[in-house]
Amino acid sequence: MSEFIFWIIPSVISTLCISYLFYKISNNQLVNLKVVIIFIFGAIFLTLLKCYNINSAIGYFIFYPILFYSISKQTIKKVIISTLIIWLIGIVLDVISMLLAMIFCYRLNISLEKYYVYLSIGLSIFVSLIFVLIGKTDKLKTILAKTIKFFSDIEYSNIILIFFCLAILILSIDIFINLEKIHVNMLLFIIVMLIILTFILLIKFKINDVENHRYLTTLKENNDFYIKIEDENRIFKHNLMAKLSSIKSVSNKKAISLIDDFLVKTTKNVSYSKRIKRIPYGLNGIIYQKTYSYLDDINFKVNNKIDFDIFKVLKPRRYNVLVEKLVVCLDNAIEASLNSKSKVVLISLYDDEDNIYIEIKNSFAHNLDVDNLGNLNYSTKGKRRGLGLFSILRDNEASVNIRVVNNYFISTISARKQK
């Protein structure tokens, strides 16, 4: 019991400082009762490992990913990379501080073995304070956050390859150090299993990459098809107008009246071909497909401030989710505006340093309960509806913010760029 009390203080301090560093470098920070409970049980867990002389790295990679995920709802991949990088920083700081302590003890002729436990506690607290210093220093905090983001953006297949190389390196060093104690059969078994596991994972991720590439290629071809159809439609309409004008010149008054009525209805559409060119490649065909049929009925306006190919800044998975949410939001906007008096849909596309945004603003005829939007089966369209909004609010690859402002329903879709 006395040993537990002896180790609990440095464990709490170390856990608190590491948590503080992660809190400062992460986005969407959250501290509540659940985080506090996880923190307390984690500190006790790490203390017990110290008391029973169990490798602390095991406890570190069990406890800290859970704590980090509860503090900031990030992807599992980013949480694990954050845990690994902070652990590596801790290892480097431990080695440096231990070397300095050994030099200090040697010069003062102090027995390192006699005061090893006290020295370990002191160095643990010292390293923990350095973690706090990193979290307090804006430049160091920014460098660490960018490093974590850089490694988080690496594809899984590349991570597996890096892991394989590191595993081989560590295994080679261990073999060199313990060459006399290692059995050849066991060594070959470990190497073969490691190669098989890595090969299977690499093949799996490679297949996913190929499928995503094929999907995006098909989607681009579909976009080109819709734009080409619009051009063909304009040519057909132009030729039809010319034919009708020639028929009109030799027709009687009743036929001329019918032709005039048809021409008025047919030529009153806005020129969508001019608008479609102002929509970024990759979204133009989708927006065209969804809106073209309703140009006579709805007043569409497009405001675009993006002048680059979005495929170059979004990962395949993130682009797919963005398109999925765009389609659902457009469908909802068109249906709601058709039932309203003003019948307006405004589409705005813009970006900043980190994200791409698509804002869809539409008129509507119903009184909306914004707090319940996105809940399963809640909809202004009737019972057993609302599945569209419910589904698109679940995937974090692209986020959707919905609100009502000045009698307009506004859906804002955002997707983080790939640096």
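Select E359. This residue is buried, with a relative accessible area of 15%. Buried here means under 20% relative accessible area, exposed means over 50%, and partly exposed lies in between (1.4 Å probe, protein chains only). The model is predicted: local features need pLDDT of at least 70, side-chain atom pairs count only at pLDDT 80 or more, and totals for chains, interfaces and linings use all residues. Residues are numbered from 1 along each chain as its sequence is written, and side-chain values use heavy atoms, with hydrogens and water left out.

**Stop 1: from E359 to R403**

The side chains of E359 and R403 form a salt bridge, 3.7 Å from N to O. The term stands for a side-chain nitrogen of Lys or Arg within 4 Å of a carboxyl oxygen of Asp or Glu. E359 belongs to strand β3 and R403 to strand β4, so the pair ties together parts 44 residues apart in sequence. R403 is partly exposed, at 32% relative accessible area. Helices (H or I, at least four residues) and strands (E, at least two) are DSSP runs, numbered from the N terminus.

**Stop 2: the sheet**

Now show the strands as a cartoon. Five of them form an open sheet, in the order β1-β2-β3-β5-β4, with mixed pairing. The edge strands are β1 (299-304) and β4 (398-405), and each pairs on one side only. Neighbouring strands are turned by 15 degrees against each other on average, direction ignored. Two strands count as paired if DSSP finds at least two bridges between them. Strands of a sheet pair through backbone hydrogen bonds, either parallel or antiparallel.

Walk across the sheet strand by strand:

- Select β1 and β2 (residues 344-351): they pair in the parallel sense over six bridges.
- Move to β2 and β3: these run antiparallel and are joined by seven bridges. A hairpin connects β2 to β3 through three residues.
- Go on to β3 and β5: nine bridges pair them in the antiparallel sense.

From V345, step to its bridge partner in β3, N362. From N362, step to its bridge partner in β5, F409.

Colour β3 by accessibility. Eight of its nine residues are buried.

**Stop 3: the helix across the sheet**

Select helix α12 (residues 316-338). What does α12 lie across? The helix lies across β1, β2, β3 (355-363), β4 and β5 (408-416), and runs at about 10 degrees to β3. Contact means heavy atoms within 4.5 Å. Axes are lines fitted to C-alpha atoms, for helices over the stretch in contact, and angles run from 0 to 180 degrees between N-to-C directions.

Stay on α12 and pick D331. K290 forms a salt bridge with D331, with the closest N and O atoms 3.2 Å apart. The pair links distant parts of the chain: K290 is in helix α11 (residues 284-291), D331 is in helix α12, and they are 41 residues apart. K290 is partly exposed at 22% relative accessible area, and D331 is partly exposed at 32%.

**Stop 4: rings on the strands**

Select Y350 and Y357. Their rings form a stacked aromatic pair, 5.1 Å centre to centre, with 20 degrees between the planes. Rings of Phe, Tyr and Trp (its six-membered ring) pair if their centres lie within 6.5 Å; planes under 30 degrees apart count as stacked, over 60 as edge-to-face and the rest as tilted. Y350 is partly exposed at 29%, whereas Y357 is buried at 18%. By this rule the structure has eight aromatic pairs.

Next, K361 and Y408. The charged end of K361 sits over the ring of Y408, 5.9 Å from its centre. This requires NZ of Lys or CZ of Arg within 6 Å of the ring centre and within 35 degrees of the ring normal.

**Stop 5: the aromatic cluster**

Select F22, Y60, F61, F63, Y64, F68 and W87: they form one aromatic cluster. Zoom in on F61 and W87. Their pair is edge-to-face, 5.2 Å centre to centre, with 65 degrees between the planes. F61 lies in helix α3 (residues 56-71) and W87 in helix α4 (residues 76-107), so the pair ties together parts 26 residues apart in sequence. Both are partly exposed: F61 at 33%, W87 at 26%.

Select K141 and D138. Their side chains meet in a salt bridge (3.6 Å, N to O). Both residues lie in helix α6 (residues 138-152), three residues apart, about one turn of the helix. Buried or exposed? K141 is buried at 18%, while D138 is exposed at 52%. In total, the structure holds four salt bridges.
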